[in-house]
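Subject: A structure for you to explore

Hi there,

Here is the structure I promised to pass on. Please open it first, and then read my notes below with it on your screen.

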Amino acid sequence: MQFRYQYYGKTTTDNSDTAQAFSFAPDTLRPPTFFEGQLRAGSHLAFREALSALHAVVVSDQRYRGRDKSAYRQWLEANEGQLLAQYMSGAEAARAEAAKASEELAALRQRKRSLLDPFYKAQRRYFDWLYQANRDAWYVLDPVITVHPERLLFEAFSQDESTYCAVSVGHGVFDRTGEMACGTTNIDYSVSLFEEFQKIRDYKATRFQVDPSGFTAATGDDPAFHEEKIDLPDSWVRGFLQVSSAMMLPATVVELHPMDLHNLCATLRQHRERAGPRSLRFELQPGQPARIVFEPWNLELVTRRSAIVGAPLTEPRSIRLWGRRRLLTLERLIAVATRVRVHLLGSGMPSFWVVEMDDITVTLGLSGWTANDWSAAGRFDLLQTRHDVGDAAKVSVAEALQRAWVATPAELAKATALPGADVAAALQGWVQAGRAVFDLPAGRYAWRELSREPLPLDHLRFASPEEAQALELVKKRLARVDEVAPRGAGLTVGGSVKDGRREHQPRLVLDADERLQDGQCTCNFFQQNKLRRGPCAHMLAVRQLAQPQIDAARDARVAAPQESA
């Protein structure tokens, strides 16, 4: 997908010994959106740390990259002839022939290097220049800023498609100094802007502005206008929508003390895992403080000041999270945090960490795994509407939310005179379309259009045809689970799927982190591709159906050592 922006000028900063000013250039292709205010005394530090956390997500990319072996390959290429000659030194004739072949090979490689050397040098100079002179080109997408009647909302999604960050700044943080126009826009963002954030101090008068001048320019031919076109992979947009949609799902909410978050981050800093499972396990017992277990070391952190928010637990729960090192993004917020809440959707499902700093709130959304892959178990239905509702009801809810900008489902039901179920379904559809967002800390919906033009949901709904086919097989009840059995530290999952006239027997092997390690199926797709193109639809269908049994097997494994102790 291609996103197109047009900025008037650049985002600028003005810094002196006593004052600092930020002027953000908004996307002029969107409806006019602007704001101007000066930070009030006492809010500078929280504002700085919140935007620094947002920056950490913008540039975050924790995808695994193998060891760089280019130096070894270069050495091997230079010495291959000599090594071959030494190996063949047992026979004089072979040695002479090897020497001749080595000389010819060395001459050919020298010629190859001389021909390609200018290209490699130019390529290296280009990337060095790009990183130093235009580091912003390495970012995926400029942050989204929404001006609402009572707050500013900054949103960003990481490069590795696994981490979402939203920074909500109440208008009480500012002394308003100019006019305001509500709306959503992208802001021109640069790495130098982050460096300017670090200079925010309590003793400096700090002014913040989303500049309206670009919307009043006489003509688009003004040389101050510059356009940006960014090609984003469908998986990036799909991941953004999935994480946003997941905020609406039911969750177990645990309130932690900021020192609990400090201890959690300190433990991750002090230990480096070398084997799985690399999970963070929440052990929740009715009437007891939450216990956080760090696997594979089984270190236990008892959060004595924690509490369950909402209805009390009626039975024990064990919830595992993966990709835990992404939580280090929150380290800088601990000193200024007043409250920390964790929204747990389930094992391997997305989780949300909400850090409140009075009128400033940071929400960090984490996908089930750092590699946002299919094994997160909830991936197939996050973009599915759970209740059919007519177009008229959808439009009515959208118009009511646009008028109010921020509202609860009950308020929208009253404004539209629609049943609560229809309002909830319509809101879910608008969130899935990227045109609304759920304010998790406040429990309200807000109108926010992720892109200027509607997103092609039919194209984004599934990552592959196999995912679409798997969901269809599950809906038609053509798949069943026959076995979920332990296998070492992991599990084996077996089942059968009727597809057309044939019945297939998919079998999956999951590792200690419940990720697909190996698999088999009798279908043609698997026989031709194995796992090189990912699991087939039959494996995906059985994996999705088996999730409750996988959860039960995990809980049994966790409970067994405790009972024996």
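Among contacts in the protein chain between residues at least 6 apart in sequence, what share join residues at least 24 apart? It is 70%, where contact means heavy atoms within 4.5 Å.

Before going on, a word on the source. This is a predicted model, in which local features need pLDDT of at least 70 and side-chain atom pairs count only at pLDDT 80 or more, while totals for chains, interfaces and linings use all residues. Residues are numbered from 1 along each chain as its sequence is written, and side-chain values use heavy atoms, with hydrogens and water left out.

**The whole chain**

The protein chain has 14 helices and 28 strands; these are DSSP runs numbered from the N terminus (helices are H or I with at least four residues, strands are E with at least two). Of its 565 residues, 50% count as buried. Buried means under 20% relative accessible area, exposed means over 50%, and partly exposed is in between (1.4 Å probe, protein chains only). The chain exposes about 27,400 Å², and carbon and sulfur atoms supply 50% of that area. Accessible areas come from the Shrake-Rupley method with a 1.4 Å probe, and for residues only the protein chains shown count as cover.

**The cores**

A nonpolar core is a set of buried Ala, Val, Leu, Ile, Met, Phe, Trp, Tyr and Cys residues joined through side-chain atoms within 4.5 Å. The largest one has 61 residues, and Phe208, Phe282 and Trp353 touch the most other members. Helix α1 (residues 44-58) gives the largest share of this core, eight residues. A second, separate core of 41 residues includes Phe240, Leu401, Ala436 and Tyr445. Leaving aside neighbours within four places in sequence, the contacts of Phe282 include Arg291, Ile319, Leu344 and Trp353.

**Salt bridges**

How many salt bridges are there? The count comes to 22, taking a salt bridge as a side-chain nitrogen of Lys or Arg within 4 Å of a carboxyl oxygen of Asp or Glu. In one of them, the side chains of Arg332 and Glu49 meet at 2.6 Å, N to O. Arg332 lies in the loop between β17 (317-321) and β18 (339-344) and Glu49 in helix α1, so this pair ties together parts that are 283 residues apart in sequence. Arg332 is partly exposed at 39% relative accessibility, whereas Glu49 is buried at 6%. Ser52 is also found in helix α1, is buried with a relative accessible area of 4%, and touches Arg332 as well as Phe194 and Gln198, not counting residues up to four places away in sequence.

**A helix to check yourself**

Just after α9, Gly434 takes a positive phi of about 80 degrees.

Enjoy exploring!
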